[in-house]
Amino acid sequence: MNGLKPKTTSSIAVFGTGGVGLGALMAAKIEGSTTIIAGDIHDSRLGSAS
């Protein structure tokens, strides 16, 4: 978030929902992103991201 500096109403897409991707998703939620999209090649990981 320090490098990207998103605005509160920003949208974000995260490719990969492993440890780092989940951290990015949580940070986007905390920052107030309005649309958050997660993608991964492993369907089992997407359950953790929702």
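**Entry 1: the whole chain**

I started with burial: of the 50 residues in the protein, 18% are buried. I'm noting here that this is a predicted model. Next I looked up the secondary structure and found 2 helices and 2 strands. Going along the sequence, I read the pattern as β-α-β-α. Then I checked the radius of gyration: 11 Å, close to the 10 Å from the globule rule for 50 residues, so the protein is as compact as a globular protein of that length. For the outline, I have the C-alpha trace spanning about 30 × 20 × 15 Å along its principal axes. I also looked at contacts between residues at least 6 apart in sequence, and 49% of these join residues at least 24 apart.

**Entry 2: the strands**

I moved on to strand E1, residues 11-15, where the side chains alternate. Which ones are buried? I found Ile12 and Val14 pointing to one face, and both are buried.

Then I asked how many bridges join E1 to strand E2. I got 5, with E2 covering residues 35-39 and the two strands running parallel.

Helix H1 takes in residues 19-31. I tested its length: at 1.5 Å a residue, its 13 residues should span 18 Å, and the end C-alpha atoms are 18 Å apart, which agrees.

Which residues of H1 are buried? I listed Gly21, Leu25 and Ala28. They cover an arc of only 65 degrees around the axis, and that puts them on the same side of H1. On the other side of the helix I found Gly19, Val20, Met26 and Ile30, which are exposed.

I also looked at what comes after the helix: H1 is followed by Gly32, and its phi is positive, near 90 degrees.

**Entry 3: putting the pieces together**

Last, I looked up how these elements connect. E1, H1 and E2 make a β-α-β unit, and I noted its hand as right-handed.

How values were computed: Residues are numbered from 1 along each chain as its sequence is written. This is a predicted model: local features need pLDDT of at least 70, side-chain atom pairs count only at pLDDT 80 or more; totals for chains, interfaces and linings use all residues. Side-chain values use heavy atoms; hydrogens and water are left out. Helices (H or I, at least four residues) and strands (E, at least two) are DSSP runs, numbered from the N terminus. The expected span of a helix is 1.5 Å times one less than its number of residues. Buried means under 20% relative accessible area, exposed over 50%, partly exposed in between (1.4 Å probe, protein chains only). The arc is that of the directions from the helix axis to the C-beta atoms. Two strands pair if DSSP finds at least two bridges between them. A crossover is right-handed if, with the strands pointing away from the viewer, the path from the first strand over the helix to the second runs clockwise. The radius of gyration is taken over C-alpha atoms; the globule rule is 2.2 Å times the number of residues to the power 0.38. Contact means heavy atoms within 4.5 Å.
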